[in-house]
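Opening the notebook on this one. I want to go through sheets, domains and salt bridges, in that order.

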Amino acid sequence: MLQQVFVVEYVVAHQMCDDCHRTEAQNFWRASVQVRQKSENKKTMFYLEQLILKHKAHERTLGIKPNHGGLDFFYATESHARKMVDFLTTVLPVKYQHSKKLLSHDIHSNIHNYKFTFSVEIVPLSKDSIVCLPKKLTQHLGNISPLCLVSRVTSAIHLIDPTSAQIAEINGLLYWRTPFEAILNPRQLMEYVVMDIEILRENEKKSFPGQGTISHKHVVADVWVVKASELGINENTIHTRTHLGHLLKVGDSALGYNVCDSNVNNKAFESLKSESIPDVLLVKKFYPNRRKHRNWKLKHLA
């Protein structure tokens, strides 16, 4: 037999599997989650972005696209999109709608191809906003004052009454049953200077049968303030009651809302009696000399 030695060259051709082909294809997705917050103050949306990064809830996304009012997440399967929706419902008070669109179907094998869309709406409330609660909701929350400050938004909405330090929590089901919006947002905050302060005694605090929980972290006090822009010009002080008695002292600065001069278009607010509406609502202590720049940068999804 004739034997011959020769060189054989093998060429390795890289080839992607079907799933990788679909992932690399432009505009390919089988399910999307549209997250929106319809409000001026987007603090809750930014907070959600950091939660997603912390818990790595975006690992299975094919792409993330910023959109007006929120973000769009794209997934290869409906189950991955549902996991994202489940994560959102556990960390924030949200509501969502589900829809699907038929792309193609095989009548012989009875196979249908759909595109699924989840539209998720976050509560239009954020930290440091002022809300005016409907009357029925105030009765449900231990007759809390209608004008409340949003102290934080987590899986529930945390409210505090600045004039009595009464606190309340509103879960997602209760909120979407009786929704309400913010009447004043942090962009309207003004700087005030404390001219005098007097801590309230126990017998001077507002109390009544059936009252809700009172915060022990805050101290109610009567304060007399002046706008920082009018300091030395206007000698007329403005009296208000605040929950920041444990932080403020004479000469300190605080950020608050000028409620009496604000243009508020809200039915619940218009139904309030004028004597029950304070002229100023203080939100937090202000440190004018504090360094504003961080030594670290926040991560972003898109």
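Terms before anything else: two strands pair if DSSP finds at least two bridges between them. Helices (H or I, at least four residues) and strands (E, at least two) are DSSP runs, numbered from the N terminus.

Ground rules next. I'm working on a predicted model, where local features need pLDDT of at least 70 and side-chain atom pairs count only at pLDDT 80 or more, while totals for chains, interfaces and linings use all residues. Residues are numbered from 1 along each chain as its sequence is written, and side-chain values use heavy atoms, with hydrogens and water left out.

**Entry 1**

I looked up the strand order and got 2-3-1-5-4, an open sheet of five strands with mixed pairing. Strand 2 (63-67) and strand 4 (94-106) are the edges, each pairing on one side only. Neighbouring strands here are turned by 15° against each other on average, direction ignored. For angles, axes are lines fitted to C-alpha atoms, for helices over the stretch in contact, and values run from 0 to 180 degrees between N-to-C directions.

What packs on this sheet? I found helix 2 (residues 43-55), which touches strand 1 (31-37), strand 3 and strand 5 (111-122). The direction of helix 2 makes about 140° with that of strand 1. Contact, for the record, means heavy atoms within 4.5 Å.

Then I zoomed in on strand 2 and strand 3 (residues 70-75): they run antiparallel and are joined by five bridges. Asparagine 67 has glycine 70 of strand 3 as its bridge partner, and glycine 63 has phenylalanine 74. The hairpin has two residues between the strands, and glycine 69 takes a positive phi near 90° there.

I noted another open sheet, five strands in the order 13-12-11-14-15, with antiparallel pairing. Its edges are strand 13 (238-242) and strand 15 (280-286), each pairing on one side only. The twist averages 45° from one strand to the next.

I counted seven bridges between strand 11 (residues 190-199) and strand 12 (residues 221-227). Among the residues here, glutamate 198 stands opposite aspartate 222 in strand 12.

**Entry 1**

**Entry 2: salt bridges**

My cut-off: a side-chain nitrogen of Lys or Arg within 4 Å of a carboxyl oxygen of Asp or Glu. I count zero salt bridges between domain 1 and domain 2, and eight in the structure. One of them joins the side chains of arginine 241 and aspartate 222 (2.9 Å, N to O). Arginine 241 lies in strand 13 and aspartate 222 in strand 12, so the pair ties together parts 19 residues apart in sequence.
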